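Visitor: I'm new to this one. Can you walk me through it, bit by bit?

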Amino acid sequence: MSDVSKIHSLNIPTNKNLDSFQQQLPDASDTVPVIDLSHPDAPKLMNNAFQTWGVFQLVNHGIPVSLLNSIQSFIQDLFDLPTSQKLKIVRSRESIAGFGLVPLSQVYPKRPWGEGFTLIGNPVDHLQKLWPEDCKKYCDLAEEYLKEMKNLCGKVMWLTLGELGITPEDINWAGSDGEFKTSNQALRMNSYPVCPEPDESIGLPPHSDSSVLTVLYQTTKGLQVLIEGKGWVTVEPVKDALVVQVGDMLHILTNGLYSPSVHQAVVNQTHDRMSTAFFFGTPKNTEVSPLKKLVTPTRPLMYPTVTWADYLSKKYELFEETLPSIRLSAPPPGLSNVNDQNQVKVG
Ligand SMILES: O=C(O)CCC(=O)C(=O)O
Ligand SMILES: [Fe+2]
């Protein structure tokens, strides 16, 4: 961790609800649904998975395998850069863009074991500083990946929400063509080196992402999701699959119908691991309300109107208490909601 320790990260206040993380045990018989996007039942299956699991693995998603392989080499090159180079773009209090230790490392009772690199906005702005002479191939790749991921998120949104009777007219920030042209996006690459004491360490502490959707690419296992009644379930890597997760904003948009995915990254003693998370979000200052069609007498309005900018700044203060703190009504009885157990953290 010598490189990592030289890079400071956000100063995050202490959290008071850490013990509950350790209390649930995984049930090995349960696995996160793997859904084939080309299957006619995919929309129904994805909609079900978002409600019950908050996450699924997607295969036959249409993203070229060559692009996934290239992004994997890109991350390798990125984290192989010398520290002097990485220090040119370090996360600060003002911006989470750049290199840094995992967020929340100060509030979780395990040793942080990983580093991340976050790309926000135009990739050229960041990557030029890292590779002044050789930026084009990395910039083109990042742009291509961002474009493909955004299109995939749009597809997943309409297929899943379509099952609930939602159309582009219902979401003002989707635009009249439903292409989410004004959506926000960020890319976070994570690197978790081989760890001599994996039980005392954590790659990324438990959290939910603040996004609408997160699409994660992993080739090595380490991602776990917290499922009510099951505990921590390992998301076993499936070749060329993408892990699609519900973020806080989609939970709000669906009036609590879709469960936010609470997840963590564990580390191990034998191999290093890298992952790439694409965050698909609403435009920063656009007001987002629970969809009217999903507010019913049995499911009263659960959240107020929020903007992503306001939500993010709250989340940096309140962490796992953010969703409960803005909630207007309790989830209907029987609705799985891990947030009530104070297990959600910033993403
Ligand atoms: O590395 C992983 O599997 C999880 C990454 C993640 O949750 C994130 O970057 O928000
Ligand atoms: Fe995450």
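Guide: Let's start with a definition. Buried means under 20% relative accessible area, exposed means over 50%, and partly exposed lies in between. Also keep in mind that this is a predicted model.

Visitor: Which residue forms a salt bridge with D134?

Guide: K137 does. The closest N and O atoms of the pair are 4.0 Å apart. K137 is partly exposed too, with a relative accessible area of 49%.

Visitor: How many salt bridges does the structure hold?

Guide: It holds 12. One of them joins K230 and D30, with the closest N and O atoms 3.4 Å apart.

Visitor: What about E179? Which side chain does it meet in a salt bridge?

Guide: The side chain of K181, at 3.6 Å from N to O. K181 counts as exposed, because its relative accessibility is 56% and the cut-off is over 50%.

Visitor: Switching to cysteines. How many disulfides turn up?

Guide: Zero, in a search of the whole structure.

Visitor: And C139 and C195, buried or exposed?

Guide: C139 is buried, at 4% relative accessible area. C195 counts as buried as well, at 0% relative accessibility.

Visitor: Now the sheet. What order do the strands β8, β10, β11 and β13 take?

Guide: The order is β8-β13-β10-β11. These four strands form an open sheet, and the pairing is antiparallel.

Visitor: Which are the edge strands?

Guide: β8 (204-207) and β11 (231-234). Each of them pairs on one side only. From one strand to the next, the twist averages 25°.

Visitor: What holds strands together in general?

Guide: Strands of a sheet pair through backbone hydrogen bonds, either parallel or antiparallel.

Visitor: Back to β8. How many bridges does it share with β13?

Guide: Two. β13 covers residues 262-265, and the two strands pair in the antiparallel sense. L204 stands opposite A265 in β13.

Visitor: Helices next. At what angle do α2 and α6 pack?

Guide: About 85°, with their axes 8 Å apart. α2 spans residues 42-52 and α6 spans residues 135-162. The two are therefore roughly perpendicular to each other, because angles of 65 to 115 degrees count that way.

Visitor: Which residues meet there?

Guide: From α2, P43, M46, N47 and F50. They meet V156, L159 and T160 in α6.

Visitor: Last one: V59. Where is it found?

Guide: In strand β2, which covers residues 55-59. V59 is buried, with a relative accessible area of 18%.

Visitor: What does V59 touch, leaving out residues up to four places away in sequence?

Guide: It touches V34, I35, D36, L37, V238 and A241. V238 is 179 residues from V59 along the chain, and their C-alpha atoms are separated by 8.3 Å.

How values were computed: Residues numbered from 1 in each chain as written. Chains lettered and ligands numbered in written order. Predicted model: local features only at pLDDT ≥ 70, side-chain atom pairs only at ≥ 80, totals over all residues. Heavy atoms only, no water. Pairing = 2+ DSSP bridges. Axes fitted to C-alpha atoms, helices over the stretch in contact; angles between N-to-C directions. Buried < 20%, exposed > 50% of the residue type's maximum accessible area, 1.4 Å probe, protein only. Disulfide = S-S within 2.5 Å. Parallel < 35°, antiparallel > 145°, perpendicular 65-115°, else oblique. Contact = heavy atoms within 4.5 Å.
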